Every structure is written in C-alpha cells, then in structure tokens.
Amino acid sequence: MARKDYLDKYPRNPAKTLWVLKPVGKVLRMLGKTIIHRPVTILYPYEKMWMPENYRGRPGLRFDRCVACGMCVKMCPTACIKLVETESDSGEKVRRPQVNIGRCAMCGYCAEYCPVDAMTVTPDFELSEYTREDLIYGPKRLVYEGITEKMEIHLEQTLMSDVKNGNPERRVSPFMTDRPVLEAAKCISCKKCEKVCPVKAVTMVEHGVNDKGRPILYPEFNDDTCICCMNCVEDCPKDALHINEVL
Amino acid sequence: MMSRDVIDIKAEASAINTDKMWVIMGPQHPFSHGLWTLKAQLDGEIVTDAEPIIGYLHRGWEKECENRTYPKIIPMADRLCYAASMTYTHLYCMTVEKALGIDIPDKAKYMRIMADEICRIQSHLMWLAAVGTDLGNLTVFLWAMREREFFMDINVRLCGARMTTNFPRIGGVRNDIDEEFMMYTSRCVERFEKAVWDIISLIDDSSIFVSRMKGTGYLTRETCVNLGITGPAMRGNGVDFDIRRDDPYDNYDKVDFEVPVLNDGDSYSRYMVRIEELFQSCKIIKQTLQKIKAIGKNAPYRLKVPSKVPAGRAFARLEDPRGESMMYLVSDGTDKPYRLKVRSPIFVNVSASKPLVQGSRIADVPAIMAMIDMCLGETDR
C-alpha cells in the first residue's frame, strides 16, 4: 500500500529514539507549560461555570402567557408533564403544567413545541431535593425569574413547497399554518371542540335543523387565534376533525 | 482457525501442565467500561479461551420505540450511547427521512456532519481517557478529559446540552448557528490540533505504553472481515472501508478528508487510527464551517415534515465513532413506527474478543479490549 502523507507528522520509531532524554525533556517542557497555565478546574460550589443562556436545564414557565393547550403534555417523551388546576394572580381557577423533574430528561421539547412560548428552557441545573415529592414542580414553582428571549426555543421550519418555489427564506411554525378541518358528514353537533379549545377559536354555527327539529351545529375555526394544539381533534368522539398539514 | 503469522510475539504456553481456570471479569470490573463480563480461560498466565457475556443493560429500547410518535424517539436515540449521542440521533433522523422520501437542505446537512465530527472527537477523547486508566496512566485520563471539555462547551453552545444533545431533527436540525458559535468552534479546533500533541507525546514516546500496545491483540484481515468488525478496530487491521467515503451520506462527498488505514493489525495500529481520526475530524469541521458561512444566514435549516410516515421500509447506515451503525424502520402508515431495528457496531465488535485475547497474557486483556471502545448502552439497547 502506498505510504500515506498524513502519517508523516508522527515520529518514526517513537519509543526508541533517545529513549531516556526525549521523554525527560518533554516532561520538563510540559511542567513549564502547566505552571504558567491557569487552573482548568474551578471550586464548584463557590465558583460557578459560565452557562450560555440557551442551556437546557429544567423547564421554566411564564405563568401569564400559558393558555393550557397541553402541547407540552403531548410532546413530552417521558410523560412527566401534567396539567393541574391552580389559581392565577387574579384568583380565578386555571390549568397550568406541573413537571416531575425526577423524570424530566431535559430534552427541551416542551419549550420547542409551545405555541405561545410560555414554556422555556432555563439554565437551572441544581435540582437535588431530599424527597421525591419535592422534585415535583408545581406551576408556581416552575416560574423562573429572569427568563430572557434566548431561553425561548422557536420552532422555525421551512415549507417544502417554499423551497420548491424558490422562496426558501420564509420560516413558519406549524402553529401558524396547520389548521383543523371538519368532515361535516361525521359531525354530531356535540360542541365538545368548543369546550376544549384553550383559545376560544371554535364557534358553533347553526346550519338548519334536523328531522327531529333540533339545530345542526357545525364548528367554525378562527384561523387567527387557533394555535393548532390539536385538542379538538383528539377529543372529537366521532373523529370528524383532522389537522390539515401544510407542507 | 486463525492464521498466526506473528506467533512468536505472543507468549508461549508454559511447559508445566496445569489445570485450566476460568476467570470471570465483570460485570463490575475496572477493565470493562460498562456492564459486561469477559470469561477468560487461563492456562497459567496465557488466555486460551474467552467468552463475552452482555445483556446487563437491556432496556427494551426497540420495543419502547413502537409506542412513541416519531419526534419523541429522537431524545431516546440520544441515550443509546452516552459518547456518540449525535451520530445515533443523526442516524434515526436519516432513516425516517428516507422513509418519508425527502431531501433536507444543504445547510442542515453540513451542520449535521459538523456535529457528527464534534461528537467523534469527544468520543475518541473519552476512549483515550479510558485507555489511559486501563494502562495505569492517570495523566492521560486527565489531559484527555481536559481537551474533551472544550468540545462539550461547543455542544452546549450548539444545542444547550453537553452530552444528550438532541440536536438533529427529522427534516433538518434543531436550531441555527450564529457567527459567534462558528468563531468559537474554529478557535477551539485550531487550539485542539496543537494541544493533542501533548497527549500524543505523553503516550507515544513512553516505551511502557508502546510496548504494551505493540504486538498485542493481533487480528488478521480475514478474521476481521469474517467477524464483521467495523470502525477504527477494522481500519487498524488493514481493511480500507469507511462509509463516510465509500457510501457518502449528508454531503460527506463534498468535504475533503482521508481515511486512516494501518496494516499492522495490533493494538497500536488501532490506537494510531483513532488518533489520526481526531485530526481528520478537525479538518472536516473547519471545512463545514466555511461551507455553512458560504451558504448564508437565512438559508433553510429545517423542513416541515408530515407527522405520519407512509407505509414501507427504510434503512440507513452511517459511520459511528465506533463503527458502522444501521437502523431499519418498518412503518405501517401511522405516526408511530411499527418496528425499529438498531445494528450497533459494538454488539458485533465484542464478538471478536475471543480471537483478540486468545494467546495473550491476562495482564494484556484490558489493553486489548480497550481498543474495541466498549459502549454498553448501544450494545444491549
């Protein structure tokens, strides 16, 4: 086999040439190098390592922004997020995510798929507690002081049709493009989609009466407020709704 | 079974007839990097037979994937191997993209191979640290870990996590990179190319290290190919094959690099292949950074993909730091895979432990097996 150029930089017969003096010289050189070098390690509890703002520690929550759509619950790979009832500042009962940090894999999916950027990643990684119950972070405890814009993760995607049409710089998130579509033949006017919609984007519109004289109601979706959380699609008892994926 | 051209280097069996003795090394043993057992049959000091036992870390990974939607498997693929999380995530995303039949943007391809090479460097440095401890040289361990820390910092800047990176996505990558990251990475790589010579001179000039490496753990080309060994362990035996070059995926054909191959077939040549791969990875990272810069800031890096994969089968393979890993996906048209099979390189490479250690002294077993670079997360799955 032909001799390789990249092997030229290694010493030939490395162990044999000047077998005592060479290592001693190298050790002395390394000693000098190490003495003038500042230490690599830090005194951890007293000094902290620098962390970039996008460091994926525990999830953080912006209480006011959250709309309780449950997207984080659906996307969590370890199923550690649950929506629980809590009281907001104004005293009304709202549902907000609760995270079991003991099971959290710190993958950042909840922040990535949050349609309203209420869930974020935080650089908080010192999470040890004395009991397992303490590891369950309720909505109030999940709020992280000082959330910056870099801690939000945006789902920026390019549509395949945009790339084909020569417009590859447009970035969208699925919450802006994907919308639920109704198959009217399957709908039984149960109004469940209206109830589960977290942003009140569904209105039931009357389309005449049926044989028994009851009104036929079909949902209509407000495209501006819909965040594509798929709650209506999942809760529909007759599978009359599906998401139209724009690709 | 094996032809031994180099039998004189191996120690000769003792003339005194003694009983053969089985020594069980593992599952908790300083030589086994992870949970596995090597049963070695000894005749005096010479190993006459060996048998690896794996399966202590079986988690049912493949079965668990069948109950998850496609994006949710990406963080799981991270946890297949702690040192090569980037390549396994890349492999999984590549398999699903093949099933979907989509072509991802150029920028995402370059970012993926850059991330892969960062992962390869830090994986090889982890291996170097382990070799150092196996041979009782703790300085190597500390210095290799020190260099590895720089690449961990690159990982943090890239995607926010040090080890379980969760960076590639189906249809592209998780996030874009900025100028600051590119500057930091190129500085780190340039620094590393000089700093790695400290480690090389520490171990390569040490006659203890070299004499424990040279002439131990011989494998011939034929045995190596018959056993299906892949990766640096194969290239140290003179088999010239690398998927990055011979079956290029994700723009590896557009970067210029060389595949180190050495013909000696002993532990030392396997060590040299890995050391040279560090330099070649640095070369690839520098080129990809330039290409990403040339592509531009606003170029697409992530495509929107359908959540359901059409029914069919897909198969992809790539060059892991440890060898050739493959994934085979069977989809039934829903948003969850029907079956996801993983072929991990170490699962096959560990089968070579018998021909590797046969005939060598028991004291050399840690040094020989360290050249396989065991990782049990992917082996047992």
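Author: The turns below go from confidence to the chain contact, then to helices and strands. Keep in mind that this is a predicted model.

Reader: What is the mean pLDDT of chain A?

Author: Where pLDDT is low, the predicted coordinates should not be read in detail. The mean for chain A is 83, with 94% of its residues at 70 or more.

Reader: How many residues of chain B are in contact with chain A?

Author: The size of an interface is often given as the accessible area lost when the parts come together. Here we count residues instead: 31 of chain B are in contact with 32 of chain A. On the chain B side, helices H2 (73–78), H5 (138–159), H6 (179–204) and H7 (207–213) each supply at least two residues. That side of chain B has 11 nonpolar, 11 charged and 9 polar residues.

Reader: Which residues of H6(B) are buried?

Author: An α-helix has 3.6 residues a turn, so residues three or four places apart point the same way. In H6(B), the buried residues are B:Thr185, B:Cys188, B:Val189, B:Phe192, B:Val196, B:Ile199, B:Leu202 and B:Ile203. Their cover includes H4 (106–134), H5, H7 and H11 (267–295) of chain B.

Reader: Where is the kink in H6(B) centred?

Author: On B:Glu193, with an angle of about 30°. End to end, the 26 residues of H6(B) reach 37 Å between the first and last C-alpha, close to the 38 Å expected.

Reader: How many of the 16 residues of H3(B) are buried?

Author: The count is 15 of 16, and H3(B) is thus mostly covered. Helix H3 (residues 85–100) of chain B reaches 23 Å, close to the expected 22 Å. After H3(B) comes B:Gly101, which has a positive phi near 75°.

Reader: In what sense do S6(B) and S7(B) pair?

Author: Strands S6 (residues 312–319) and S7 (residues 324–331) of chain B pair in the antiparallel sense, over 8 bridges. One position to look up is B:Ala316, which stands opposite B:Met327 in S7(B). The hairpin has 4 residues between the strands, and B:Gly323 takes a positive phi near 160° there.

Reader: In what order do the strands of the open sheet in chain A lie?

Author: The order is S2-S3-S5, with antiparallel pairing. S2 (81–87) and S5 of chain A are the edge strands, each pairing on one side only. Between S2(A) and S3(A) (residues 93–100) there are 7 bridges, and A:Leu83 has A:Pro97 in S3(A) as its bridge partner.

Terms used:
Residues are numbered from 1 along each chain as its sequence is written. Chains are lettered from A and ligands numbered from 1 in the order in which they are written. This is a predicted model: local features need pLDDT of at least 70, side-chain atom pairs count only at pLDDT 80 or more; totals for chains, interfaces and linings use all residues. Two residues are in contact if their C-beta atoms, placed from the backbone, lie within 7 Å. Ala, Val, Leu, Ile, Met, Phe, Trp, Tyr, Cys and Pro count as nonpolar, Asp, Glu, Lys and Arg as charged, and the others, Gly among them, as polar. The expected span of a helix is 1.5 Å times one less than its number of residues. The bend at a residue is the angle between axes fitted to the seven residues ending there and the seven starting there. A residue is buried if 20 or more other C-beta atoms lie within 10 Å of its own, exposed if 12 or fewer, and partly exposed in between; C-beta atoms are placed from the backbone. pLDDT is the predictor's confidence in each residue, from 0 to 100. Two strands pair if DSSP finds at least two bridges between them.
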